[in-house]
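Opening the notebook on a new model today. I want the overall fold, then the surface, then the side-chain pairs.

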Amino acid sequence: MHLAYPAVLAALLFCTGLYGVLARRNAILVLMSVELMLNAVNLNLVAFDVWLRDTLHTGQALTLFVIAIAAAEIGIGLAIVLMVYRNRGTSDVDALRDTADGPDDTEAQAPTPAQKAEATA
């Protein structure tokens, strides 16, 4: 088997996943794109393992570890996205950038002593 065929396929999968991460706004689609990139890496690991005729099959063993880590990552990531969607009502990545309040935001929203006195009077 030629190494070029799976390598080109893996490169196309990785580029598609990279485009999905950079261009998508939905957090679930970004997670799916990361999974696509990990699958491209897995394809390369198995292809090079077969091409090198490794007796220990380290590429295939590493692929199993990557699959296990990816499953855990997608489970936790999906749980976080669902909780954010429940709290915010959107899973748009650009809208989620506003969730972190900087020190300037908290000081600007704090009432002044004059406003406190007017509120109590």
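My entries follow, one topic at a time.

**Ground rules.** I am working from a predicted model, where local features need pLDDT of at least 70, side-chain atom pairs count only at pLDDT 80 or more, and totals for chains, interfaces and linings use all residues. Residues are numbered from 1 along each chain as its sequence is written, and side-chain values use heavy atoms, with hydrogens and water left out.

**Overall fold.** Helices here are DSSP runs of H or I with at least four residues, strands are E runs of at least two, and both are numbered from the N terminus. Along the sequence the pattern reads α-α-α-α-α-α.

Next I checked burial: 18% of the 121 residues are buried. Buried means under 20% relative accessible area, exposed means over 50%, and partly exposed is in between (1.4 Å probe, protein chains only). The chain exposes about 8900 Å², and carbon and sulfur atoms supply 66% of that. Those areas come from the Shrake-Rupley method with a 1.4 Å probe; for residues, only the protein chains shown count as cover.

I also looked at contacts (heavy atoms within 4.5 Å). Of those with a separation of 6 or more, 56% are between residues 24 or more positions apart.

**Helix 3.** This helix has 31 residues and spans 44 Å from first C-alpha to last, close to the expected 45 Å. The expected span is 1.5 Å times one less than the number of residues. What does helix 3 bury, and what do those residues pack against? I noted Gly-59, Thr-63, Val-66, Ala-70, Gly-77 and Val-81 as buried, and the buried residues of helix 3 pack against helix 2. After helix 3 comes Gly-89, with a positive phi near 85 degrees.

**Nonpolar patch.** I found a nonpolar surface patch of about 400 Å², made by Ile-28, Leu-29, Met-32, Leu-78 and Leu-82. Patch residues have over 30% relative accessible area and no salt bridge; like charges are joined within 9 Å, and nonpolar side chains (Val, Leu, Ile, Met, Phe, Trp, Tyr) within 5 Å. Helix 2 (27-52) and helix 3 (58-88) each supply at least two of the patch residues, with helix 2 giving the most, three. I checked Leu-78, which sits in helix 3 and is partly exposed at 35% relative accessibility.

**Salt bridge.** How many salt bridges does the structure hold? I count one, taking a side-chain nitrogen of Lys or Arg within 4 Å of a carboxyl oxygen of Asp or Glu as the test. Arg-25 pairs with Asp-94, the closest N and O atoms being 2.8 Å apart. Arg-25 is in the loop between helix 1 (4-23) and helix 2, and Asp-94 is in helix 4 (residues 93-96), so the bridge ties together parts 69 residues apart in sequence. Both ends are partly exposed: Arg-25 has a relative accessible area of 45% and Asp-94 has 30%.

**Aromatic pair.** My search of the whole structure turned up one aromatic pair. The ring centres of Phe-48 and Trp-51 are 6.1 Å apart and the planes are at 85 degrees, so I logged the pair as edge-to-face. Rings of Phe, Tyr and Trp (its six-membered ring) pair if their centres lie within 6.5 Å; planes under 30 degrees apart are stacked, over 60 edge-to-face, and the rest tilted. Phe-48 and Trp-51 are three residues apart in helix 2, which means about one helical turn separates them. Phe-48 is partly exposed at 35% relative accessibility, and Trp-51 is partly exposed at 48%.
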